[in-house]
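Me: I have a model open and would like to learn how to read it. Please take me through the features one at a time.

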Amino acid sequence: VSTGPLGRQASWYYTLRLEGQDGPMPHVGVDSATGEVVEFHDDAFRTLRPDPGEKRLTRDEALAVARDFIQKVSPACAGHVALEKSPPEWQAGDTYSFRFFRVVNGIPFPMDGIGVDIASNGRVVGYRCEWHRVNFPRPQSVISPAEAARRWVANASYELKYYLPRTDDGRPRAGARLVYFLKEAVAVDDVLGYLLYVV
């Protein structure tokens, strides 16, 4: 059972072991209410030596494999996701990792989404789906982005703090800087225009 800001989700987790198998084993999580696969990880590929002659996928080929896998495992979700650009997908060693956020009524819902990890040989080695059962209002009579920005700026509160910038390789720089930080994360209601304080 996992608990988050949108409530509890109960899943069954299974480890897939072949008789006589040692080392890392794939495991899968299944939503106990729907029977849908919500998580899959296979770290066994890290112990395998890549074949030097084996074709390695490009980023675009790996992305196509990720989209195809989502279509097979979560067809109901596949048409309602968009590739997340920030933070960008990344490649660590022999793995491409992609994150797709949920889209409802053409509007992003970044609290939900699907992550897929693809080994450079095309094997799917990781999958995680966060997809809550939530009621969404239809977007109608929304205020303009300019009006939302005006209200946000007028009501946002800032706090002066020292900040230590880092170099491109992650090392702290020698001198600190004074920077204004938002005291609270603020959102603006799209219909009435009042401020919401997001925790």
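**Reading the model**

Reply: Residues 24 or more positions apart account for 41% of the contacts in the chain with a separation of 6 or more, a contact being heavy atoms within 4.5 Å. This is a predicted model, in which local features need pLDDT of at least 70 and side-chain atom pairs count only at pLDDT 80 or more, while totals for chains, interfaces and linings use all residues. Residues are numbered from 1 along each chain as its sequence is written, and side-chain values use heavy atoms, with hydrogens and water left out.

Me: How do I read the confidence, and where in the chain is it lowest and highest?

Reply: pLDDT is the predictor's confidence in each residue, from 0 to 100. Where it is low, the predicted coordinates should not be read in detail. Here the chain averages 80, and 76% of the residues score at least 70. Confidence is lowest in strand β1 (residues 2-4), with a mean of 48, and highest in β6, at 95. Over residues 3-7 the pLDDT is below 50, and this stretch has eight contacts in the model beyond near neighbours in sequence.

Me: What is a nonpolar core, and which residues have the most contacts inside the largest one?

Reply: Start with burial: buried means under 20% relative accessible area, exposed over 50%, and partly exposed in between, with a 1.4 Å probe and protein chains only. Buried residues make up 28% of the 199 residues in the chain. A nonpolar core is a set of buried Ala, Val, Leu, Ile, Met, Phe, Trp, Tyr and Cys residues joined through side-chain atoms within 4.5 Å. The largest one has 21 residues, and those with the most contacts inside it are Ile-70, Phe-98, Phe-100, Ile-114, Val-116, Ile-118 and Tyr-127. At least two core residues come from each of α1 (59-73), α2 (75-78), β6 (81-83), β8 (95-104), β9 (107-119) and β10 (124-130). The most come from α1, which gives four.

Me: How are aromatic pairs described, and how many does the structure hold?

Reply: A pair of aromatic rings is described by the distance of the centres and the angle of the planes. Rings of Phe, Tyr and Trp (its six-membered ring) pair if their centres lie within 6.5 Å; planes under 30 degrees apart count as stacked, over 60 as edge-to-face and the rest as tilted. The structure holds four such pairs. Tyr-96 and Phe-98 are stacked because their ring centres are 6.3 Å apart and their planes at 10 degrees. Tyr-96 is buried at 9% relative accessibility, and Phe-98 is buried at 3%. Phe-109 and Phe-136 are edge-to-face, 5.0 Å centre to centre with 80 degrees between the planes. This pair links distant parts of the chain, 27 residues apart: Phe-109 is in strand β9, and Phe-136 is in the loop between β10 and α3 (145-155). Phe-109 is buried at 15%, whereas Phe-136 is partly exposed at 28%.
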